[in-house]
Amino acid sequence: MIEPLLDVRGLEIGFHTDRGLARVLDQVNFSIGKGEIVGLVGESGCGKTTLARAILGVLPKNAAQIGGGEVIFEGEDLLKKHPSVLEAEIRGRRITFVPQDPFTSFNPVFSIGAQLEELMKWKSPDADVGTGFRFHGRNRRRSDRDRVMELLRTVQLPDPAGILRKYPHEVSGGQRQRLMIAMALLPEPRLIIADEPTTALDVTIQAQILKLLRRLATEFGVSVLFTTHDLGTAYEICDRITVMYAGQEVESAPSDEFFAAPRHPYTKRLLESLPSRERGISGIPGSIPGLVAPPSGCRFHPRCDFATAECAKSRPGVTDAGERHMVRCYHPVAAKREAAE
Amino acid sequence: MKDGMTVAQTDALLRLEGVKKYFPILNDWKRRTGWLRALDDVTLSVHKGEILGIVGESGCGKSTLGKTVMGIHPPTAGKIIFDGNDITNLKPYAARGLRRQLQYTYQDPGASLDPRWKIGRALDEPLVIHTELNRAERTARVRDILDAVGLPEGHLDLYPHEISGGQQRRVGLARILTLHPSLIVLDEPTSGLDVSVQATILNLFLDLKKQFDLTFVFISHDLSVVRMICDRVAVMYLGKVVELGDTEAVFSNPQHPYTRSLLAAIPQIGKGRIIENFWLEGEPPDPGNLPSGCCFRTRCPIAVAGCAEAVPPLIEHKPGHSDACLLSQTNA
């Protein structure tokens, strides 16, 4: 058993909307072990970004309502921490973030070097924690600069010194995403939250970035929470995969086991929706439910082939379906070990 | 003929001959400093009743190809022949008649629907423009189409923002189908959709193709989708077609190194992981300042000195499968 670095237990989050409270996360359990890359997979609107934001503590205060649960990171509940402590000690320091869109995440009016320098002022591993900004000497600036240059070489950017003088619009999307990964690694974090980091990129660039992320995660020993809607990219990079549907986590398993023997009916249908020449295409009938008045019990039951009265009554508990394989279903699909195609 | 389609030319519904589209690159004083070759000497045919896939990465000119066919961009050089007629530079009134036959769906269906028009009005508009039908006939035609694309009738009274992305695609399709076109250019028809929705939309395309006897040009960057539904596929890189052939032949036996790298980059569940053995390095060069000869040579692992000398032409060396690589041609 890998010791968990992050453990989300029974997290419940709602958003106030015009039509009422949308229950975006419903009793979600989720964990990441040390040095693990965990994929959080689901269709749009399933709550994967909300979960990532809840861990970072950047949910909009006026709209989001935390109904309960805990987010335990290195033994401390992040939900109970004061926002300023979270800002100074955790966010951008021990937990960092790689955004989906490398095009809008840089400030267009400052050079890349200036933006990296600004980051190092506050979040350098040598900077004092929680005392605010203080003048720092030439030595620290020098060591920070060395660190930046070394990391830019590590993420395989051509001409690191030249790129620091450039402005964000002058570098390509793939290079910007490499820079984002470098920025996420600079504070020497324990956990990187990567929110769909390759969705905006072309396939060949995506392959390069995935390769880089995997290598760096192993090299630096950081854990990665990798949210994606694409099961293919999740297969490439993740050690373990958690699937969410309409605000509920339905299955969690080690990557190989997950693709070889999915147990939850939703997971199975999702895998079958992937285009494949041999099998033809089959979608999932019906559509994703609204979250203001979601279906009772298991939220997948109106679209599920195996649903019974029980499913509508209460949400199934966590069932062990093998080593580190959790499924939340009353009628899990039999573990047929067919050769994954 | 460059792609050796002389034999099949008779049943080509759409044919592009040496089509070029150059966009000027302007400096700060609006002086032209160069040309961006979005399409460079593209020759290909679309046969009646087939689905031709156009694949490539962003900036390779695949959308420009679709828009040039539609006459949205006038081509710089070359000829576009549709159903036996040259449609390269049509006068606006002649183009209007053609639009009934040749249709285009935009990448983002949400943005291509007027947000202040109800779905019913959006579907009615093309019929008002292109046909002489009276109101009752138009309503009947709209209802037929709505049924064909699988939308409930109640949706006619909704606004575009009230329906989901998948349904917006269906409306976009319905809008085109009311005119009974023969060829539809689908520009990234599944981007931004979830896989489960994507699957139902793809099935819809196949159903409609049968029902209305359609021909599709399917522009996409998603190779697994293209493999799934296209009969033939053209791979583009920086404005040029580098490989063209039957989908199975191209996917199972790719000839051009770019096609090979593109295929190697697709994650395949259950097979070897690309992060362990993906070999392509670097990024595409600046399209305004292309390398000489073969554009891919700067990233190509097998490039030789000859690659820099001349642009290798697209040559068919197996029936129905052509490529533009110097090395595969010298080997053959």
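This is a predicted model: local features need pLDDT of at least 70, side-chain atom pairs count only at pLDDT 80 or more; totals for chains, interfaces and linings use all residues.
Let's start with chain A. The count here is 11 helices and 12 strands, and the C-alpha trace spans about 70 × 45 × 40 Å along its principal axes. A compact globule of 341 residues would have a radius of gyration near 20 Å, and chain A comes in at 21 Å, so the two agree. Buried residues account for 43% of the 341 residues in chain A. If you take the contacts in chain A between residues at least 6 apart in sequence, 68% of them join residues at least 24 apart.

Now chain B, which has 12 helices and 12 strands. Its C-alpha trace spans about 70 × 50 × 50 Å along the principal axes. For 332 residues, the compact-globule expectation is a radius of gyration near 20 Å; chain B has 21 Å, so that agrees. Of the 332 residues in chain B, 42% are buried. Among contacts in chain B between residues at least 6 apart in sequence, 65% join residues at least 24 apart.

Strand β7(A) covers residues 191–195, and five of its five residues are buried. Which way do they point? L191(A), I193(A) and D195(A) go one way, while I192(A) and A194(A) go the other, and all are buried.

β7(A) has a parallel partner in strand β6(A), residues 95–98, with four bridges between them. Here T96(A) has I192(A) of β7(A) as its bridge partner. β7(A) also pairs in the parallel sense with strand β8(A), residues 223–228, this time over five bridges.

## Helix α7 of chain A

After α7(A) comes G221(A), whose phi is positive, near 65°.

The buried residues of α7(A) include V203(A), I205(A), I209(A), L210(A), L213(A) and L216(A). The list also takes in T204(A), Q206(A) and Q208(A). What do the buried residues of α7(A) pack against? Within chain A, they pack against β3 (37–41), α6 (173–185), β8 and α8 (231–237). From chain B, α10 and α11 join that set.

## Where chain B touches chain A

The contact between the chains takes 29 residues from chain B and 35 residues from chain A. On the chain B side, α7 (195–212), α8 (223–229), α10 (257–264) and α11 (274–277) each supply at least two residues. Which of these gives the most? That is α7(B), with seven residues. By type, the residues on the side of chain B that touches chain A divide into 15 nonpolar, nine polar and five charged.

Two of those helices have already come up: α10 and α11 of chain B are among the elements that the buried residues of α7(A) pack against.

## An antiparallel sheet in chain A

Chain A also has an open sheet of four strands, in the order β2-β1-β4-β5, with antiparallel pairing. β2 (20–33) and β5 (76–77) of chain A are the edge strands, each pairing on one side only.

At the β5(A) end, two bridges join it to strand β4(A), residues 64–73, and the two run antiparallel. One residue pair to look for there is I72(A) with its bridge partner D77(A) in β5(A).

## A look at R145 of chain A

R145(A) sits in helix α4(A), residues 138–154. There are 15 other C-beta atoms within 10 Å of R145(A), so it is partly exposed. R145(A) and M120(A) are 25 residues apart in sequence, and their C-alpha atoms are 8.7 Å apart in space.

Technical notes: Residues are numbered from 1 along each chain as its sequence is written. Chains are lettered from A and ligands numbered from 1 in the order in which they are written. A residue is buried if 20 or more other C-beta atoms lie within 10 Å of its own, exposed if 12 or fewer, and partly exposed in between; C-beta atoms are placed from the backbone. Two strands pair if DSSP finds at least two bridges between them. The radius of gyration is taken over C-alpha atoms; the globule rule is 2.2 Å times the number of residues to the power 0.38. Two residues are in contact if their C-beta atoms, placed from the backbone, lie within 7 Å. Ala, Val, Leu, Ile, Met, Phe, Trp, Tyr, Cys and Pro count as nonpolar, Asp, Glu, Lys and Arg as charged, and the others, Gly among them, as polar.
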